[in-house]
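Work through the exercises below with the sequence and the model open. Each task is followed by a solution in steps.

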Amino acid sequence: MKWVNPGFNILFDRWKNVEQFTDTKCTTGFSCKLDGGTGPFLYENIGVDKCTEIWFAYDLRVYSIRGEEPLFKVLDSSKNTLVNVTYNESSLTLRIRDGSNNLLYESEKTILSPDDTVHNLEFHFKTGENGRVDVWKDTKLFCSFRSPSAFSGNMSIVGFQLANPWSILYCSSFILQDTRRIGLEKFKKLTIDPDTEQNMPQGSTTTYKLSGLSDTTEFSDITSVCAILQATSRDANISTGTFSLEGADVGTIDVSDSSGKAYELAHAETNSLTGKPWTRDNIEGKTLSFKVNGAS
């Protein structure tokens, strides 16, 4: 299982008091701002049964912090907290709490400062007799806590929940998976041509030319290709759409939502034609196709 959210907060299952905006500091060009109030701000249903181990990463900038705010929170299907990793205002340290809110660990070092600087955080969480929490900051291991008894149950929901109306966090580039450590993955937003809204009749294919992928070393290791569509289908016979890149499958999405507010995402970790990871030559200057279905 791998789930990605390159900065569009509407892709989360629940959100409120969250502002989406263009942000030059974020690797995606987009970010979401968590600002004020209480309750569930951003969380994602994992959607798999009996999940006991995950890796979760995102970019974070802290502008201001009041009290103790979650950096990473996991719940079970009944919305009981399994682990809560927080950022503490008074000491700027990281704290790990169990589902009963018992403090299990507090770091000796500062994890973040409210200086509006972008940092990448990655969390590894495992339940059961090998239960543990590992945290990486900017690809370097920040802390590890292990417990055979503190963490139990199956994970269902991953997210954030701000407690104080004066805290302001900027988040982007979310990645969640259950297979391996993520490391520092970045999203690169490509330019598409045409970049305007397209009308797509039943059974039609629309093509887009991709550009803007740098040849610098930073982007030489491509872990996946993502395509995002804001579906506004007004035709009841159009329900799905399929992305392909020069004939390689990128994924099929649901395009039946006619609200104009639904973002749908497809992604492929390997090139289905070669069976190998994507390369810049597979992407830069190439054609992304999107085909919708129609009446049978």
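Helices (H or I, at least four residues) and strands (E, at least two) are DSSP runs, numbered from the N terminus. The model is predicted, so local features need pLDDT of at least 70 and side-chain atom pairs count only at pLDDT 80 or more, while totals for chains, interfaces and linings use all residues. Residues are numbered from 1 along each chain as its sequence is written, and side-chain values use heavy atoms, with hydrogens and water left out.

**Exercise 1.** Find the loop that holds Pro-194, and state the form of the peptide bond from Asp-193 to Pro-194.

Solution. Step one: Pro-194 lies in the loop between strand 15 (191–193) and strand 16 (205–211). Step two: the bond from Asp-193 to Pro-194 is cis, with omega near 5°. For reference, most peptide bonds are trans, and most residues other than glycine have a negative phi.

**Exercise 2.** Thr-139 has a positive phi, and so does Ser-173. Decide for each whether it counts as buried, partly exposed or exposed.

Solution. Step one, the cut-offs: buried means under 20% relative accessible area, exposed over 50%, partly exposed in between (1.4 Å probe, protein chains only). Step two: Thr-139, with phi of about 75°, sits in the loop between strand 11 (132–137) and strand 12 (140–146). Its relative accessibility is 37%, so Thr-139 counts as partly exposed. Step three: Ser-173, with phi of about 60°, belongs to strand 14 (residues 168–177). At 2% relative accessibility, Ser-173 counts as buried.

**Exercise 3.** Give the strand order of the open sheet of six strands and name its edges.

Solution. Step one: two strands pair if DSSP finds at least two bridges between them. Step two: the order is 4-13-6-7-8-9, with antiparallel pairing. Step three: strand 4 (42–45) and strand 9 (103–110) are the edges, each pairing on one side only. Step four: strand 4 pairs with strand 13 (residues 157–160) over four bridges, and Leu-42 stands opposite Phe-160 in strand 13.

**Exercise 4.** Describe the largest nonpolar core and the surroundings of Phe-56.

Solution. Step one: a nonpolar core is a set of buried Ala, Val, Leu, Ile, Met, Phe, Trp, Tyr and Cys residues joined through side-chain atoms within 4.5 Å. Step two: the largest has 42 residues, and Phe-56 and Phe-72 are among those with the most contacts inside it. Strand 5 (residues 53–64) gives the most to this core, with five residues. Step three: contact means heavy atoms within 4.5 Å. Leaving aside neighbours within four places in sequence, the contacts of Phe-56 include Trp-3, Phe-72, Val-158 and Phe-160.
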